[in-house]
Amino acid sequence: QVQVVESGGGWVQAGGSLRLSCAASGRTFEKYAMGWFRQAPGKEREFVSAFRGHGSRNYADSVTGRFTISRDNAKRSVYLQMNSLKLEDTAVYYCAADPTGLGLSWDYWGRGTQVTVSS
């Protein structure tokens, strides 16, 4: 069982920045794919970014150029640096883990952290 815990959400004005953190348990964290997803009110959960076990990273088109995913395997953590935040970035952000490293089976999820962007 892998436990995933997010932190770092909050309130920010449009144009501002926030950094989300996600800590995961597990002895082989460095092999995990770690991903960020978000769910806005009244909308389905959507993919934001992923950092796969072999090192590749990808982003949703809506956040490319503004968000950066990174990881620290020694701390078993992954981060999402969010810059130039927009009103439409308001959502609950979830971190997920795929122990296979492929990023195709997000089996473990955190409870989410709220990000609110205001004008």
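Visitor: Is Ser-77 buried or exposed?
Guide: Ser-77 counts as buried, because its relative accessibility is 9% and the cut-off for buried is under 20%. Keep in mind that this is a predicted model.

Visitor: Where is Ser-77 found?
Guide: Ser-77 is found in strand 8.

Visitor: And what does the side chain of Ser-77 reach?
Guide: The side chain reaches the backbone oxygen of Lys-75, at 2.9 Å.

Visitor: Which residues is Ser-77 in contact with, leaving aside neighbours within four places in sequence?
Guide: Those contacts are Cys-22, Ala-23, Phe-29, Ser-70, Arg-71 and Asp-72.

Visitor: Which parts does the pair tie together?
Guide: Cys-22 is in strand 3 and Cys-95 is in strand 9, so the pair links parts that lie 73 residues apart in sequence.

Visitor: Why is the disulfide left-handed?
Guide: The torsion about the S-S bond is about -80°, so the disulfide is left-handed.

Visitor: Are the two cysteines buried or exposed?
Guide: Cys-22 counts as buried at 1% relative accessibility. Cys-95 is buried as well, with a relative accessible area of 0%.

Visitor: How many bridges join strand 1 to strand 3?
Guide: There are 4 bridges between strand 1 and strand 3, and the two run antiparallel. In one of the pairs, Ser-7 has Ser-21 of strand 3 as its bridge partner.

Visitor: New topic. How many residues does the largest nonpolar core have?
Guide: The largest nonpolar core has 28 residues. Met-34, Trp-36, Phe-67, Leu-80, Met-82 and Tyr-93 have the most contacts inside this core.

Visitor: Which strands each supply at least two residues of that core?
Guide: Among them are strand 3 (18–24), strand 7 (67–72), strand 8 (77–82) and strand 9 (91–98).

Visitor: What lies apart from it?
Guide: Another core lies apart from the largest one; this core has 5 residues, including Ala-33, Phe-37, Ala-50 and Ala-96.

Key: Residues are numbered from 1 along each chain as its sequence is written. This is a predicted model: local features need pLDDT of at least 70, side-chain atom pairs count only at pLDDT 80 or more; totals for chains, interfaces and linings use all residues. Side-chain values use heavy atoms; hydrogens and water are left out. A nonpolar core is a set of buried Ala, Val, Leu, Ile, Met, Phe, Trp, Tyr and Cys residues joined through side-chain atoms within 4.5 Å. Buried means under 20% relative accessible area, exposed over 50%, partly exposed in between (1.4 Å probe, protein chains only). A polar contact is a pair of N or O atoms within 3.5 Å; within protein, one must be able to donate a hydrogen and the other to accept it, and residues adjacent in sequence count only if both atoms are side-chain atoms. Contact means heavy atoms within 4.5 Å. Two strands pair if DSSP finds at least two bridges between them. A disulfide is a pair of cysteine sulfur atoms within 2.5 Å.
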